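Biologist: I would like to learn how to read this structure. Can you take me through it feature by feature?

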Amino acid sequence: MEKLLNNAFKGDPRSIGRLISLVEADTPSAKEIMKQIYPRTGKAKVIGITGSPGAGKSTFVDRLIEQFKTDNMKVGVIAIDPSSPFTGGAILGDRLRMQSHALDEGVFIRSMGSRGHLGGVSRATHEAALILDACGFDVVLIETVGVGQSEVDIIKIADTVVLVLVPGMGDDVQIMKAGIMEIADTFVVNKADKEGADKVAADVQVMLKMLKEKEWVPPVTLVSSQNNTGIEEVKNNLNEHWNFLHTSTEGKKRRFIQLEMEVEAILRGEISILTEKIWKKRKDTGILEDLASRKADPYTLAAELISQIVK
Ligand SMILES: Nc1nc2c(ncn2[C@@H]2O[C@H](COP(=O)(O)OP(=O)(O)O)[C@@H](O)[C@H]2O)c(=O)[nH]1
Ligand SMILES: [Mg+2]
């Protein structure tokens, strides 16, 4: 284990991949790995990229990798695959779109399942990001599935959330989608080579004005990932947001909220495992018969089990 960790810390891609697999499979060594990893984390910029399927997230991520590489940054990418077998084609597509960098020095790309304890963005995704952070990646890009809970959950683990919008996708609907607007730290209007991008950007600006004013005003950038325009501007915005997080009170508050959620998620996970264990043992002691005949009640039973856990 120590050798594996040391090789991973030196940046060996195979060892890094192995660590992520061990943690993803929730093997007995997973917790020990994370304990060793954690003190080395906190240096990487963790950037969540969200937006509807087809918005161009993977293409944009590919361009962003290039941008960060020109600054000699090591970039890790986690692409959250939809677990559904029906979207198998999309997974392959993502790999193809990002594979121009898959073999580059200083770039690590990993796909992960989207099922997990936090909904769309799983515990394993968070832990993989921490592993990449500890292994010396300066930037960790997480591409979400772009549907449902994963979009909102990304705020729990990303320092900066990028929302990718595009013209011609029923603009109001995509912008108004519950909670997404509020969690975006920077807006990318992708496919600016197509008609209607200006209008989307203007709509976003109007919406932003209607939200409660915050210290950080999310920038809105017109981007064409296809033509490679606007990407550097986004990178500069991302760097600026990172500085904001580390110099402002609002940034500190946000980081503390994330830490709270992190601890709570781990604690909840542990307690639910414990609950399962204790209940499994108690279940076969005839207690269900007693409950059915009302000799016992579930409230007293729960209290009894809790006192066991506490002990
Ligand atoms: N015209 C245009 N097409 C783009 C642009 N960026 C991505 N696309 C195309 O949009 C489609 C979906 O892109 P993809 O990156 O897979 O989107 P994702 O599902 O959000 O990851 C692909 O056919 C891309 O080639 C862009 O800036 N302009
Ligand atoms: Mg994609």
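Modeller: We will go from the overall picture to single residues.

Modeller: This is a predicted model, where local features need pLDDT of at least 70, side-chain atom pairs count only at pLDDT 80 or more, and totals for chains, interfaces and linings use all residues. Residues are numbered from 1 along each chain as its sequence is written, chains are lettered from A and ligands numbered from 1 in the order in which they are written, and side-chain values use heavy atoms, with hydrogens and water left out.

Biologist: What does the protein chain average in pLDDT?

Modeller: The term pLDDT is the predictor's confidence in each residue, from 0 to 100. The protein chain averages 87. At least 70 is the score of 86% of the residues.

Biologist: Where is confidence lowest, and where is it highest?

Modeller: Helix 5 (residues 88-98) is lowest, with a mean of 48. Strand 7 (residues 220-222) is highest, at 98. Over residues 83-93 the pLDDT is below 50, and this stretch has six contacts in the model beyond near neighbours in sequence. Contact means heavy atoms within 4.5 Å.

Biologist: How many helices and strands are there?

Modeller: Both are DSSP runs, numbered from the N terminus: helices are H or I with at least four residues, strands are E with at least two. The protein chain has 13 helices and seven strands.

Biologist: What share of the residues is buried?

Modeller: Buried means under 20% relative accessible area, exposed means over 50%, and partly exposed is in between (1.4 Å probe, protein chains only). Of the 311 residues in the protein chain, 46% are buried. Contacts also tell us about the fold. Among those between residues at least 6 apart in sequence, 76% join residues at least 24 apart.

Biologist: Which residues have the most contacts inside the largest nonpolar core?

Modeller: A nonpolar core is a set of buried Ala, Val, Leu, Ile, Met, Phe, Trp, Tyr and Cys residues joined through side-chain atoms within 4.5 Å. The largest one has 36 residues, and Ile-16, Ile-37, Ile-131, Val-140 and Ile-142 have the most contacts inside it. Several elements each supply at least two of its residues, including helix 1 (2-9), strand 2 (75-81) and strand 4 (139-143). Helix 6 gives the most to this core, with seven residues. Apart from this core lies another, of 21 residues, among them Ile-65, Val-139, Val-188 and Val-223.

Biologist: Which residues does Ile-142 contact?

Modeller: Leave aside its neighbours within four places in sequence. Then the contacts of Ile-142 include Val-46, Ile-49, Ile-78, Ala-129 and Ile-157.

Biologist: Is Asn-237 buried or exposed?

Modeller: Asn-237 is in helix 11 (residues 231-247). At 12% relative accessibility, Asn-237 counts as buried. Its side chain makes a polar contact with the side chain of Thr-221, at 3.1 Å. A polar contact is a pair of N or O atoms within 3.5 Å; within protein, one must be able to donate a hydrogen and the other to accept it, and residues adjacent in sequence count only if both atoms are side-chain atoms.

Biologist: What should I look for in phi?

Modeller: Most residues other than glycine have a negative phi. Asn-228 has a positive phi of about 60 degrees. Asn-228 lies in the loop between strand 7 and helix 11. Arg-294 has a positive phi too, of about 65 degrees. Arg-294 is exposed, with a relative accessible area of 67%.
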